[in-house]
Amino acid sequence: MLFNRESSGDVSIKDLCEEKFKSMLIEPVSLEKLAYLIVRGGWPGNLDVSIDMCSELATGYMENVIKSDLNKLDNDFDYNEQKTKLILKSLARNESTTVSNQSILNDIIENDKDSISKNTLVKYLNALNRLFLFNNQEPFSPNIRSSLRVKQIKKRHFSDPAMACALLKLTPKKLLNDLNTMGFMFEGMVERDLSIYAQANNAKLYHYQDYKGNEIDAVIEFEDGNWCAIEIKLGLNKATEGANNLVKVCKDIINNGGKAPLFKCVIYGFGNMIYQNKDGVYIFPITALKD
């Protein structure tokens, strides 16, 4: 997660639920700093590492998983290093997406010119999950008594997007040269933090997709059934697009019998504005958020 020196703490999930919010300008975070934070990861022991060395911890961790940790799980099965690497690299390429198992198999063939059976994939994924490598988002299902059908597929995440970056040998400089990939990794970083903040509020993090094409990047659901809708954008310049989507999707959910969210917000990466727009959507950078 982002730590005190990386977040101003001007916005909190709890305060937003209680409609406590103050518009302001804050110190902007550069795109370069965001790339560094993504590749560095959220390990407390890695906070002061230089930009040139920021991927070393995650790289070493994933190498240990591939070469030794996985085989320590099961004395009756010998996990193949190459197959493990192929699967993990495919998951890294699909960080922050709802890719299916079949799509992972197709991705391996397309990108690595190799193949793995469905049964092998499932066995390896189950074993890797026992190592707590993943923090997938389950689908959110609002209480809707209508024909609005919700997709029941989870969004794939490593426990930290730095793991995905390490598997793909992504440095901060490489991320800056591929903003599309950086966008997915940034979403993974934000949802990593939101998962932690949700737990601090006795809540859980989900995502929303339905068969009408509606999507919400992140949903925080509380124990009483109340929920919050969150869109994630790399830059402030995309905040209006994200806010408009939230208004549209939430209206559709409400019109089909669902409960209105406690709040709607767009969390972005680089920019310096904390404000509420005309539709009541809160807009702020991840570096302003606390639990």
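**Helix α9 and its packing**

Guide: In this predicted model, helix α2 passes α9 in a left-handed crossing. The two helices pack at an angle of about 60°, and their axes lie 10 Å apart. Angles of 65 to 115 degrees count as roughly perpendicular and those under 35 as roughly parallel; α2 and α9 are therefore oblique to each other.

The residues that form this contact can be named on both sides. From α2 (residues 31-40) come Leu31, Leu34, Ala35, Leu37 and Ile38, and these meet Leu179, Met182, Met185, Phe186 and Met189 of α9. By class, the contact of α2 with α9 comprises 10 nonpolar residues, with no polar and no charged residues. An α-helix has 3.6 residues a turn, so residues three or four places apart point the same way.

As for α9 itself, the helix has 22 residues and covers residues 179-200. From its first C-alpha to its last it reaches 31 Å, close to the 32 Å expected at 1.5 Å a residue. Just after α9, Asn202 takes a positive phi of about 55°.

Thr181 also has its place in α9. Its side chain is joined to that of Asp178 by a polar contact of 2.7 Å. When neighbours within four places in sequence are left aside, Thr181 is in contact with Leu170 and Leu175.

The axes of α3 (residues 56-69) and α4 (residues 81-93) come within 8 Å and cross at roughly 140°. That makes α3 oblique to α4. Met62, Val65, Ile66 and Lys67 of α3 make the contact with Glu81, Thr84, Lys85 and Leu88 of α4. By class, four of the residues in this contact are nonpolar, one is polar and three are charged.

The second pair consists of α5 (residues 101-112) and α6 (residues 118-130), whose axes come within 10 Å and cross at roughly 105°. These two helices are therefore roughly perpendicular to each other. Asn101, Gln102, Ile104 and Leu105 in α5 meet Lys118, Leu121, Val122 and Leu125 in α6. The contact of α5 with α6 has five nonpolar, two polar and one charged residues.

Note on methods
Residues numbered from 1 in each chain as written. Predicted model: local features only at pLDDT ≥ 70, side-chain atom pairs only at ≥ 80, totals over all residues. Heavy atoms only, no water. Helix = DSSP H or I, 4+ residues; strand = E, 2+ residues; numbered from the N terminus. Polar contact = N/O pair within 3.5 Å; in protein donor to acceptor, adjacent residues only side chain to side chain. Contact = heavy atoms within 4.5 Å. Axes fitted to C-alpha atoms, helices over the stretch in contact; angles between N-to-C directions. Parallel < 35°, antiparallel > 145°, perpendicular 65-115°, else oblique. Nonpolar A, V, L, I, M, F, W, Y, C, P; charged D, E, K, R; others polar. Expected span 1.5 Å × (residues − 1). Left-handed = near helix turned anticlockwise from the far one by under 90°.
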